[in-house]
Every structure is written in structure tokens, then in C-alpha cells.
Amino acid sequence: MVDPLESVEEAVESAGERRRYVLEDTGFDEVPPKYRRFYRKWRGVGDALAPNEVICPVCKVVIRSTRELRPGDRVYCMPCMSRLVVVRSEEGTLEARVSY
């Protein structure tokens with residue numbers, strides 16, 4: 001049986017259009033106020049990532065984007081100054097890896 005959500009995601013990816021998100025200031029105080037809406041702290045076991053979020057593998061901060069993230073996207077973690085690339089994990093979720 002075909003999962004209807006997978007076909008919708010494939011259609012959206014093939015169309016090239018990404019969903020947009022409005023980011024609110026999360027009070028993340030480790031970066032200048034101008035950039036605080038792009039980061040938040042990981043809240044632990046009950047926390048879930050949105051399609052526009054990945055966790056920095058270096059400092060465990062959640063990096064947020066105004067657009068949906070896809071494999072191959074590059075993100076920057078200002079708190080630890082790491083340059084990261086978004087990849088799809090074996091479980092099918094998005095994660096960030098250090099870019100060389």
C-alpha cells in the first residue's frame with residue numbers, strides 16, 4: 001500500500017517549492033538579538049523538530065530556518081561557529097553534519 005503523505009512530499013520536492021515559516025524570538029541569549037529567532041535550545045526527550053529545524057551535532061542547539069530544509073542545504077551554527085550540511089539519516093529524518 002502506498003503512503004499518500006510520501007507521494008505528496010515527493011510532489012512538493014519535485015516542484016521545488018518550499019514551505020515558509022514565521023519564526024518568533026525564542027529568547028536564545030547566546031547570539032546577538034538580531035539572530036535569536038534562528039536558534040533555540042533543545043528541550044530534551046519530549047521535544048520534536050519541525051521540517052525547518054536541525055540539531056547542531058557540535059553544541060546541540062536547534063538551528064531554525066524560514067524555509068523547509070532539505071538534504072544538501074547548508075546551515076551555519078553561530079553559537080559554535082560550525083558550518084553544517086543537512087543530510088537524511090538512516091531513519092529518514094533530517095540531521096546536520098559538519099561540512100568540510
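Tutor: Two strands pair if DSSP finds at least two bridges between them, and strands are DSSP runs (E, at least two residues) numbered from the N terminus. The model is predicted: local features need pLDDT of at least 70, side-chain atom pairs count only at pLDDT 80 or more, and totals for chains, interfaces and linings use all residues. Residues are numbered from 1 along each chain as its sequence is written, and side-chain values use heavy atoms, with hydrogens and water left out.

Student: Why are β4 and β5 said to pair?

Tutor: β4 and β5 (residues 82-88) are joined in the antiparallel sense over four bridges; pairing requires at least two bridges, so the term applies. Within this pair, R74 stands opposite V85 in β5.

Student: What makes β4 and β6 edge strands?

Tutor: The open sheet has three strands in the order β4-β5-β6, with antiparallel pairing. β4 and β6 each have a single partner strand, so one side of each is left without a neighbour in the sheet.

Student: Which residue in β6 is the bridge partner of V87?

Tutor: That partner is E95; β5 and β6 pair in the antiparallel sense over five bridges.

Student: Why is Y100 called exposed?

Tutor: Its relative accessible area is 92%. Exposed means over 50%, buried under 20% and partly exposed in between (1.4 Å probe, protein chains only), so the term applies. Y100 lies in the segment after β6 (94-98).
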